[in-house]
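Here is a short report on one protein model. Have the sequence and the 3D view ready as you read.

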Amino acid sequence: MEFFSKILNLPDVASAHGAGIDQFIIYIHLLMAALFVGWLGYFLYTVFRFRSSANPKADYAGAKSHFSSYAEVGVAAIEALLLLGFAIPLWAKAVDEFPTKKGDAKTDPIEIAIQGQQFAWNAHYAGPDGVWGKQGIQHASATNPFGLDSADAGAKDDVTCLREPFYVPLNRDVICRISSMDVIHCFKLPRMRVTQDAIPGMTIPVHFKATKPGDYMIICAQLCGNLHSTMKGEFKVVADAEYAEWFAKKAASGGAQSFE
Ligand SMILES: [Cu+2]
């Protein structure tokens with residue numbers, strides 16, 4: 001597998017479900033490579049075999065062998081295997097099955113509201129009280145893109161990262177709820193193998209578990225305006241202790257400062 005990942009130039013995987021996605025990408029490429037070589041070979045064979053100099057008169061009976069039907073059935077069978085054996089189970093595990101909260105603050109999934117905005121990424125956490133601050137469109141502004149209500153007590157400790165890196169703990173489930181402030185963007189974390197469109201008016205959850213510490217890039221994978229190519233974001237995967245320290249500091253300094 002590693003050999004094929006290198007050939008396909010896949011970025012180093014850094015999430016728990018990423019290897020399954022890569023495996024699937026590799027199988028599809030292998031099938032496509034076999035089809036490319038097979039059909040091209042067959043095409044070249046027919047060009048040679050039925051050249052006009054060797055076949056001055058057309059053969060009205062045509063092909064008698066059933067080889068091409070068998071080949072078609074074989075290809076369809078492999079495609080069915082990829083779909084039923086790999087794609088659907090992978091979708092069920094990596095997309096459908098969401099990690100659930102068990103009431104343990106140390107292992108429960110971290111929830112982050114992610115917002116695409118021309119041309120940056122913003123993040124919003126509920127804060128240490130675990131309560132999401134009230135939001136309203138009337139409060140939304142350039143400095144308060146999440147529209148947090150400064151009068152709401154639940155919003156006081158909310159953590160927001162506007163156009164700056166947000167943090168996630170290592171080896172912990174992370175649920176990102178993706179939305180957009182303006183146009184359609186696409187939240188793509190190449191090394192986590194996560195891609196989800198950010199659509200105004202919708203909140204779409206995705207989840208992953210980062211397995212390697214480091215700084216990671218978020219890119220926008222949906223053409224969203226003049227500066228689409230500059231729409232990059234960053235997040236850091238750090239150990240639990242460092243995450244807790246960052247989160248506490250951020251909450252104490254007040255997500256509230258972004259109200260103004
Ligand atoms: Cu964008």
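Setting aside neighbours within four places in sequence, phenylalanine 166 is in contact (heavy atoms within 4.5 Å) with Ile112, Ile114, Ala123, Tyr125, Cys161, Ile218, Glu234, Phe235, Lys236 and Trp246. Phe166 also stands out in the largest nonpolar core, which has 36 residues: Tyr125, Phe166, Met192 and Phe235 touch the most other members. Helix 4 (residues 240-252) gives the most to this core, with 4 residues. Another core lies apart from it and has 7 residues, among them Leu31, Val75, Ala87 and Leu90.

Some terms and ground rules come next. A nonpolar core is a set of buried Ala, Val, Leu, Ile, Met, Phe, Trp, Tyr and Cys residues joined through side-chain atoms within 4.5 Å. Buried means under 20% relative accessible area, exposed over 50%, and partly exposed in between (1.4 Å probe, protein chains only). Helices (H or I, at least four residues) and strands (E, at least two) are DSSP runs, numbered from the N terminus. The model is predicted: local features need pLDDT of at least 70, side-chain atom pairs count only at pLDDT 80 or more, and totals for chains, interfaces and linings use all residues. Residues are numbered from 1 along each chain as its sequence is written, and side-chain values use heavy atoms, leaving out hydrogens and water.

Now the metal. The copper ion is coordinated by His185 (ND1), Cys220 (SG), Cys224 (SG) and Met231 (SD), at 2.1 to 2.5 Å. Donors are N, O and S atoms within 2.8 Å of the metal (3.2 Å for Na, K and Ca); water is not among the atoms, so sites may look incomplete. Why is the arrangement tetrahedral? The 4 donor atoms subtend angles of 89 to 124 degrees, and four donors count as tetrahedral if all angles lie between 85 and 135 degrees. Cysteine 220 in strand 9 (residues 214-220) and methionine 231 in the loop between strand 9 and strand 10 (232-238) are 11 residues apart.

| Residue | Relative accessible area | Class |
|---|---|---|
| Cysteine 176 | 0% | buried |
| Serine 15 | 4% | buried |
| Cysteine 220 | 8% | buried |
| Methionine 231 | 1% | buried |

Cysteine 176 sits in strand 5 (residues 173-180). Proline 205 is 29 residues away in sequence, yet 5.5 Å away in space, C-alpha to C-alpha.

Serine 15 lies in the loop between helix 1 (2-7) and helix 2 (18-49). Its side chain reaches the backbone oxygen of methionine 192 at 2.8 Å.

Note on methods. Polar contact = N/O pair within 3.5 Å; in protein donor to acceptor, adjacent residues only side chain to side chain. Tetrahedral: all angles 85-135°; square planar, octahedral: opposite > 155°, others 65-115°.
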